[in-house]
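Open the model in your viewer and have the selection tool ready. We'll go stop by stop: what to pick, and what you find there.

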Number of protein chains: 2
Amino acid sequence: MKNVLVLIPLTEEQKTRLESIGPDCSYRYSNGAAVSMEDIQSANIIIGFPDPAMIAASEQLEFLQLSSSGADAYVKPGVLRPGTVLCSVTGAYGQAVGEHAFAMTWELLKKLHLYRDDQAREHWGDRGTVGTLRGATVVVVGLGDIGTEYARLVKAVGARVIGVKRRPSACPDFVDELCLTDELDRVLPEADVVCSVLPGTASTYHLFDAERFAKMKSSAIFINCGRGTALDADALCEALDRGVIAAAGTDVTEIEPLPAGHPLWKQPNMVITPHISGGFHLPGTLDRIVEICFANFEAYLKGGELRNIIDFRTGYKK
Amino acid sequence: MKNVLVLIPLTEEQKTRLESIGPDCSYRYSNGAAVSMEDIQSANIIIGFPDPAMIAASEQLEFLQLSSSGADAYVKPGVLRPGTVLCSVTGAYGQAVGEHAFAMTWELLKKLHLYRDDQAREHWGDRGTVGTLRGATVVVVGLGDIGTEYARLVKAVGARVIGVKRRPSACPDFVDELCLTDELDRVLPEADVVCSVLPGTASTYHLFDAERFAKMKSSAIFINCGRGTALDADALCEALDRGVIAAAGTDVTEIEPLPAGHPLWKQPNMVITPHISGGFHLPGTLDRIVEICFANFEAYLKGGELRNIIDFRTGYKK
């Protein structure tokens with residue numbers, strides 16, 4: 001009998017479905033705030049997003065099915081006992097995060113953040129020239145689920161899309177030019193918008209640094225909706241201060257929550273949202289997460305093929 | 001010899017082109033701020049956006065080629081002498097204003113205005129559920145140049161589009177359902193987003209009033225990028241205060257500039273931009289305006305067919 005700890009909110013109907021997949025298991029339902037160390041330490045299977053500090057290489061845990069797309073917090077040494085199977089829910093957040101990045105791009109292009117500031121002081125005044133995605137070149141760095149959705153959106157409204165990915169593949173129909181990560185520096189100077197949806201891995205750490213911003217146009221907009229560690233925040237602040245690039249938007253920061261007083265908060269041409277583009281904020285996302293988690297739970301119990309197994313060495317799915 | 005007063009910014013090359021169209025005319029170049037009453041009163045032809053108060057039924061003025069899309073300020077009695085030919089530049093602003101309305105729609109759907117407010121106080125906090133255009137029903141009221149652009153954009157990212165227009169026509173491919181203005185009340189309850197791009201005419205005055213907001217979903221977003229007079233601002237404030245609709249965005253107000261202290265400024269779920277979606281803010285718009293103005297100037301001088309002649313009775317182009 002396996003102990004299954006479920007940390008995602010399920011309806012009664014979904015609980016019944018889950019329990020019918022593994023009728024011999026014992027189930028406990030909780031959430032991130034209420035869960036105890038004992039709950040986590042006694043679980044053989046966890047579905048959800050447990051605090052990594054509470055796992056502490058649990059001897060009982062054999063399968064962790066994350067409800068998040070990013071797995072960076074769980075591949076660090078000491079979090080999971082070697083041999084624990086770790087899966088993400090890549091595929092559930094594409095629409096939510098891709099659309100958020102798209103909305104942020106338009107906000108910056110049309111200076112809506114500056115007009116919002118003006119509105120707060122009841123000021124009616126002109127902020128000058130605006131941009132467009134029609135005919136713009138957009139470099140999308142990371143072409144997984146989220147990058148694909150973002151690329152489709154910008155392409156649909158008239159942008160030219162350059163997709164950058166780790167591994168060679170055929171060029172999708174919504175990408176005009178596909179290139180590998182080591183060609184990034186070649187394409188950055190062409191970009192009107194650069195959108196990073198990279199995960200937090202050793203190879204993406206501070207990929208966007210002073211040198212990369214220097215390669216971009218002074219009119220370029222930089223968007224980050226992957227992980228905060230892919231971005232050197234100090235370098236971004238300096239690039240914005242010195243007009244190396246025009247504006248930036250991020251939903252993620254290296255330290256979350258971003259502490260009050262951090263210079264990023266104060267950048268006039270920077271918009272920050274508090275890592276909310278995913279989660280369960282877009283109706284439908286939770287349903288997609290539940291489907292992926294249930295399918296993997298069934299595959300794990302019955303020896304089927306698991307989706308989104310994370311490779312501990314790279315932090316990416318295998 | 002006709003006196004031509006030009007109030008739009010032209011390059012030297014464009015001035016040469018203009019003068020070659022009418023070599024017998026006398027040209028004066030100025031702008032809205034510097035132009036004198038005498039300049040306006042002595043002009044036979046004006047190209048631009050003159051202060052209506054300075055025209056005062058000028059006896060000399062025979063042709064006014066506006067550089068704006070809206071003509072509402074010039075069809076009022078006493079502004080133009082009867083017989084003056086009035087043309088707008090419908091067609092030049094579609095992309096600029098349509099994209100602005102689209103950007104505002106996403107800003108509200110993703111609550112970026114609220115996150116901007118939080119950023120100002122360096123607050124990292126969750127604002128809850130967000131919306132999407134994928135699968136949403138968008139009612140576009142007014143299917144001229146701007147409405148067409150907006151409809152194309154929302155359709156391209158997955159919305160179902162209901163177009164509302166004055167005159168019957170074939171249904172364009174970017175519209176799922178086309179209906180006439182008198183069917184508006186039937187389709188409003190279906191809308192997740194209502195976007196008005198109506199001009200300021202007698203028939204559109206306060207079209208969006210308490211009764212119309214009451215017909216919308218409590219989750220609906222209302223966008224106005226046409227003219228401020230199409231909206232009853234008091235009714236909108238009340239609808240937002242009482243949760244009759246969820247959020248609103250406008251680039252235009254009945255009185256412009258919107259005075260400090262006006263209740264619209266203070267609506268938390270309302271975004272306001274200061275009538276900047278058009279103008280020359282989007283590069284390329286001015287070039288389009290110049291082309292339309294030059295073509296009409298030539299047609300006027302040589303007896304060709306004028307585009308966008310305004311009907312003084314309706315305020316719409318004929």
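Predicted model: local features only at pLDDT ≥ 70, side-chain atom pairs only at ≥ 80, totals over all residues.

**Stop 1: two loop residues in chain B**

Select B:Lys111, in the loop between helix H4 (94–109) and helix H5 (112–120) of chain B. Is B:Lys111 buried or exposed? It has 24 C-beta neighbours inside 10 Å, so it counts as buried. Its backbone is worth a look as well: phi is positive, about 60°, although B:Lys111 is not a glycine.

Now move on to B:Glu122, in the loop between H5 and strand E6 (137–141) of chain B. This residue also isn't a glycine, and its phi is positive, near 55°. With 16 other C-beta atoms within 10 Å, B:Glu122 is partly exposed.

**Stop 2: the sheet in chain B**

Stay in chain B and show the strands. In what order do the 7 strands of the open sheet run? Reading across, you get E8-E7-E6-E9-E10-E11-E12, with parallel pairing. Strand E8 (177–180) and strand E12 (270–272) of chain B stand at the edges; each has a single partner strand, so one side of each is left without a neighbour in the sheet. On average, neighbouring strands here are turned by 15° against each other, direction ignored.

Zoom in on E6(B) and strand E9 (residues 193–196) of chain B: they run parallel and are joined by 4 bridges. Pick B:Val140 and you'll find B:Cys195 of E9(B) opposite.

**Stop 3: cis prolines**

Select B:Glu256 and B:Pro257. The peptide bond between them is cis, with omega about -5°. B:Pro257 sits in the loop between strand E11 (247–250) and helix H10 (263–266) of chain B.

Then hop over to chain A, where the bond from A:Glu256 to A:Pro257 is cis, with omega near -5°. A:Pro257 lies in the loop between strand E11 (247–250) and helix H10 (263–266) of chain A.

**Stop 4: helix H11 in chain A**

Select residues 285–302 of chain A, which make up helix H11. Colour the buried ones: A:Thr285, A:Ile289, A:Val290, A:Ile292, A:Cys293, A:Asn296 and A:Phe297. In an α-helix there are 3.6 residues a turn, so residues three or four places apart point the same way.

What covers the buried residues of H11(A)? The cover includes helix H1 (12–21), strand E3 (45–48), strand E4 (63–66), strand E5 (85–87) and H4 of chain A. Step just past the end of H11(A) to A:Gly303, which takes a positive phi of about 75°.

**Stop 5: where the chains meet**

Zoom out to see both chains. Chain A can be laid on chain B with an RMSD of 0.1 Å by a turn of 180° and a shift of 0.0 Å along the axis. The two copies are thus related as by a two-fold rotation axis. To find that axis, select A:Ala156: among the residues of chain A, its C-alpha comes closest, at 2.8 Å. Both copies use the same surface, as 100% of the contact residues of chain A recur in chain B.

Finally, highlight the contacts: 42 residues of chain A touch 42 of chain B. Which element gives the largest share of chain A's side? That is H4(A), with 9 residues. By class, this side has 23 nonpolar, 11 polar and 8 charged residues.

Terms used:
Residues numbered from 1 in each chain as written. Chains lettered and ligands numbered in written order. Least-squares fit on C-alpha atoms with pLDDT ≥ 70 in both. Contact = placed C-beta atoms within 7 Å. Nonpolar A, V, L, I, M, F, W, Y, C, P; charged D, E, K, R; others polar. Buried ≥ 20, exposed ≤ 12 C-beta atoms within 10 Å, placed from the backbone. Pairing = 2+ DSSP bridges. Axes fitted to C-alpha atoms, helices over the stretch in contact; angles between N-to-C directions. Expected span 1.5 Å × (residues − 1).
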